[in-house]
Amino acid sequence: MPSGTPGTPGPPAPAGRASGRGAAGGDGPTPPGPGRQPWRAGDSFLSMWRELAPVGRHPDSGGYRRYAWSAADRDCRAWFRAQAEARGLAYETDRNGNQWAWLGDPLAGDAVVTGSHLDSVPDGGAFDGPLGVVSSFAALDELHRRGAEFTRPLAITNFGDEEGARFGLACVGSRLAAGQLTVADAHRLRDADGTTLPAAMEAAGHDPATIGPDPERLARIGAFVELHVEQGRALDLTGDPVGIASAIWPHGRWRFDFRGEANHAGTTQLVDRRDPMLTYAETVLAARREAELTGALATFGKIAVEPNGVNAIPSLVRGWLDSRAADQATLDAVVTGVERAAREYAERAGIDLDVVRESFTPVVEFEHALRDELAKILKGSGDTGRPVPVLGTGAGHDAGILSASVPTAMLFVRNPTGISHSPAEHAAEDDCTAGVEALADVLEGLACS
């Protein structure tokens, strides 16, 4: 694949080339002229994509480590602000550290908002989050190129700490804004080094004393549309570059603490051991069985061990279960089954077990009226004449959190392999361009005359 295509993030744009509307001070994308090809919706997208691509990318894994309130996150935030200011948008950071770029009066109400997040999971892919933010700016450029006249305020946003990679809770920025995370609980969040969320925010230059619900801001939003790379390959199977989300499966995270007895690995007989690692391992296998029986998903993807020595039997094994299902009853069944099995194994082996639910998001049905409006807009703008696919997802998003407060919808861009949360995550250049055009069509239909 050529350098610089979305699948393989390439070098920054050449010096002097504007990222969208104005890194070089211009009024918009370079217009066609003698010897130039007509401007495409993907041109500003690719320019911005190349500029953002190196930020937080690990040289060994090739994946991204853009953790909340880290140096890489700071650089992503600086990039977002530069894109906003280059387009003459009003920039602001809200009380919870979420970034906003406004076209029109932020206080007017009934605003159309789009965007996503820029943080990542450990060694995550390039697309999860950033595709939505970059596409939002590119869609605005496309609307300016079309000469669209806005009748509603428009905003582009970057929600903070969507992935929860640092503090263990997903969608912190949107949860705080929507009042789904209390200030007290936010202050208790700590990373692996013991740094609290407020301390991390303060070190990054944000006043943690301001965090909390933001109902006035959310009340000014008439619609929120988030574009995201598909985390699955349903669109690849249908042959469509873009789809519309129907719902987000209910999902949550549970912490399993297995406590045994630390001892010498070279002198303690097997019969004398209280080894929590064995109980944990049996629980991992039980999670797979329960998921297969119920048609759900269950994953132990994170583990912490104490004392974590090669020649020491652990005293504590802490594992985090991520589980998702198409409906609440199925999710309850799989998690109950995993916990029941874990307790049976623990009792038999003399291991103490605590299970704590750390986060939970119920099923999210995106507002049908807005979802149907998107389908109408995109069917009218396409050249195939067939409806845009509508599909559910097992992945959580800021749009899901905000759905309890404002009308929300999502667009998905085709992922040919379905791989996500991995450096192998991919979307083709043409599909990214199709996503920009679809988002521009939607924003034009919602916010323009």
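The chain contains 13 helices and 15 strands, where helices (H or I, at least four residues) and strands (E, at least two) are DSSP runs numbered from the N terminus. The structure is a predicted model, in which local features need pLDDT of at least 70 and side-chain atom pairs count only at pLDDT 80 or more, whereas totals for chains, interfaces and linings use all residues. Residues are numbered from 1 along each chain as its sequence is written, and side-chain values use heavy atoms, with hydrogens and water left out. Of the 449 residues of the chain, 53% count as buried, a class that requires under 20% relative accessible area, with exposed meaning over 50% and partly exposed the range in between (1.4 Å probe, protein chains only). Among the contacts (heavy atoms within 4.5 Å) with a separation of 6 or more, 77% are made by residues 24 or more positions apart.

By class, the contact of H2 with H3 holds six nonpolar residues, one polar residue and no charged residues, with Ala, Val, Leu, Ile, Met, Phe, Trp, Tyr, Cys and Pro counted as nonpolar, Asp, Glu, Lys and Arg as charged, and the others, Gly among them, as polar.

The residues of the contact of H3 with H13 divide into nine nonpolar, two polar and five charged.

Phe150 lies in the loop between H3 and strand S4 (154–158) and, at 25% relative accessibility, counts as partly exposed. The C-alpha atoms of Phe150 and Leu446 are separated by 9.2 Å, although these residues are 296 residues apart along the chain. Leaving aside neighbours within four places in sequence, Phe150 is in contact with Leu103, Leu140, Leu143, Ala447 and Cys448.

An open sheet of four strands has the order S9-S11-S7-S12, with antiparallel pairing, where two strands pair if DSSP finds at least two bridges between them. Its edge strands are S9 (297–306) and S12 (352–361), each of which pairs on one side only, and neighbouring strands of this sheet are turned by 20° against each other on average, direction ignored. S9 and S11 (residues 316–324) pair in the antiparallel sense over nine bridges, and Thr299 stands opposite Asp322 in S11. Helix H9 (residues 276–294) packs on the sheet, touching S7 (251–259), S9 and S11, and its direction makes about 170° with that of S9. Thr330, found in helix H10 (residues 328–349), is buried, with a relative accessible area of 18%; not counting residues up to four places away in sequence, Thr330 touches Thr294, Ala296 and Ala325.

Elsewhere in the chain, strand S1 (residues 90–93) runs antiparallel to strand S2 (residues 99–103) and is joined to S2 by four bridges, with Glu92 standing opposite Trp100. S1 and S2 form a hairpin with five residues between them, and Gly97 in the turn has a positive phi of about 85°.

Pro416, in the loop between strand S15 (408–413) and H13, is partly exposed, with a relative accessible area of 28%. Leaving aside neighbours within four places in sequence, Pro416 is in contact with Arg233, Asp236, His426 and Ala427. Pro416 and Glu230 are 186 residues apart in sequence and 9.1 Å apart in space, C-alpha to C-alpha.

Key
Axes fitted to C-alpha atoms, helices over the stretch in contact; angles between N-to-C directions.
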